[in-house]
Amino acid sequence: MDCVAFDDAMIKVGITGVNGRMGTALVQACHLRDDVQLVSATVRAESDLAGTDAGRIAGVARQGIPAEENLRDDVEVVIDFTLPDATLSHVQWCRRHGKRIVIGTTGFDTTQRSEIEAAAADIPIVLAPNMSVGVNLCFRLVELAARTVGESSDIEIIEAHHRHKADSPSGTALGLGEKVAGALGRDLDES
């Protein structure tokens, strides 16, 4: 896929699930940037925070953007770290409206991943189980290690995370497993 350029220096961002851990962090990050403008923020329709300013939810200055159920049309890029079903709804919205989406949500099943892959034929999508530079370096190193040791060793992934983690195994652990399986020519689901 070709590199996508933006019309001007300011990227208009929509953040889904602004009341969640990552949603709050993303609003805070937007607040610190001069080249990113928060133009849309969502929460579930039944949320007590519906209508509340996204900045207030995130503990930063007012953003002038109320948390709403739906994304606004002037969004250029949606950033989604919600739950699989919500993310798929956001992907469908982006596909209908020709918008870009960055997905940090994990826990997708095979059918859901196929839906995202199909949408990627029409719109730019970044999907990563972990956005950390260090973890992505670790993915590469694990892949190299698996190729090096090959079938001569068993590779096991053990993880620990905070008690509020929604998916287990985590997307990061599954990503590591996919790298190992790929390097060994195996299917992770059959390993």
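The paragraphs below treat the salt bridges and then a nonpolar surface patch.

The model is predicted. Across the whole structure, a search finds seven salt bridges. One of these joins R33 to D35, with 2.7 Å between the closest N and O atoms. R33 is partly exposed, at a relative accessibility of 47%, and D35 is likewise classed as partly exposed, with a relative accessible area of 28%.

A further salt bridge is formed by the side chains of R95 and D122, with an N to O distance of 2.7 Å. Because R95 belongs to helix α3 (residues 84–97) and D122 to the loop between α4 (110–119) and β6 (125–127), this pair ties together parts that are 27 residues apart in sequence. R95 has a relative accessible area of 37% and is therefore partly exposed.

Within helix α5, E143 and R147 lie four residues apart, about one turn of the helix. Their side chains meet in a salt bridge of 3.5 Å, N to O. E143 is buried, with a relative accessible area of 15%, whereas R147 is partly exposed at 48%. Together with R140, E143 and R147 are linked in a network of salt bridges.

Helix α5, which spans residues 133–149, also contains L141. L137, L141 and L144 make a nonpolar surface patch of about 270 Å². L141 has a relative accessible area of 47%, so this residue counts as partly exposed; patch members must have over 30% relative accessible area.

How values were computed
Residues numbered from 1 in each chain as written. Predicted model: local features only at pLDDT ≥ 70, side-chain atom pairs only at ≥ 80, totals over all residues. Heavy atoms only, no water. Patch = residues over 30% accessible without salt bridge, like charges linked within 9 Å, V, L, I, M, F, W, Y side chains within 5 Å. Areas by Shrake-Rupley, 256 points an atom, 1.4 Å probe, with all protein chains shown as cover. Salt bridge = Lys/Arg side-chain N within 4 Å of Asp/Glu carboxyl O. Helix = DSSP H or I, 4+ residues; strand = E, 2+ residues; numbered from the N terminus. Buried < 20%, exposed > 50% of the residue type's maximum accessible area, 1.4 Å probe, protein only.
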